[in-house]
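Hi everyone, thanks for coming. I'd like to walk you through one model today, so please have a look at it with me.

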Amino acid sequence: MTPERIVLIRASFTTLQPRMEEFSGRFYARLFERNPELRPLFRGDLEKQSRALAGMIELIVKMLDMQDKLVPLIHYLGDRHAAAKVRPEHYAMFGDALMWTLEQMLEGEFTPDVRRAWQQAYSFMADNMS
Ligand code: HEM
């Protein structure tokens, strides 16, 4: 991850942080509309889901600083997800909903460079989890 890409992700995170509730609402609506089979995997209430999503984004942003240190944590998180019946092919569905929501929320700020930066960060996580 280049320093330029890190700057881009941090900037979009600053934009999104005060609007995480809306982000979460849109993300799950899209995810379940496109992939209704994923709905039963989420057993908690909406608030718990929002926290999981915020946790996910926060992890991606933290990861930018300390990729190597976070790899064992990401593996552990992947094991927990596998135990919760998340399968490797679900990561692409999740990633598509994430990119779609970023595009909707960031609008003009979501330039091709910003898209590539998020894509790379998400793929790194997903590859190490699945
Ligand atoms: C980069 C990919 C992902 C990251 C970083 C991530 C991160 C997290 C975190 C931090 C939590 C909360 C802590 C925990 O319960 O262990 C969580 C929970 C959860 N994640 Fe993920 N996740 C990812 C991908 C996925 C995918 C692909 C699915 C499946 C569609 C998924 C389904 C869930 C579920 C079902 C929960 C529990 C929420 C509940 O009980 O309602 N996650 N995730």
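Leaving aside neighbours within four places in sequence, Arg115 is in contact with Met99 and Phe110; contact means that the C-beta atoms, placed from the backbone, lie within 7 Å. Before I go on, this is a predicted model, where local features need pLDDT of at least 70, side-chain atom pairs count only at pLDDT 80 or more, and totals for chains, interfaces and linings use all residues. Residues are numbered from 1 along each chain as its sequence is written.

Arg115 is found in helix 6; helices here are DSSP runs of H or I with at least four residues, numbered from the N terminus.

Staying with helix 6 (residues 112-129), it packs against helix 1 (residues 3-16) at an angle of about 95 degrees. The two are therefore roughly perpendicular, a label for angles of 65 to 115 degrees. Helix 1 brings Arg5, Leu8, Ile9 and Ser12 to the contact, while the helix 6 side includes Trp118 and Ala121.

Now helix 3, residues 46-63. Which residues of helix 3 are buried? Leu53, Ile57 and Met63. They sit on the same side of helix 3, because their arc around the axis is only 135 degrees, taken from the directions from the axis to the C-beta atoms. Their cover includes helix 2, helix 4 and, once again, helix 6. On the face turned away, you'll find the exposed residues Glu47, Lys48 and Gly55.

Conventions. Axes fitted to C-alpha atoms, helices over the stretch in contact; angles between N-to-C directions. Parallel < 35°, antiparallel > 145°, perpendicular 65-115°, else oblique. Contact = placed C-beta atoms within 7 Å. Expected span 1.5 Å × (residues − 1). Buried ≥ 20, exposed ≤ 12 C-beta atoms within 10 Å, placed from the backbone.
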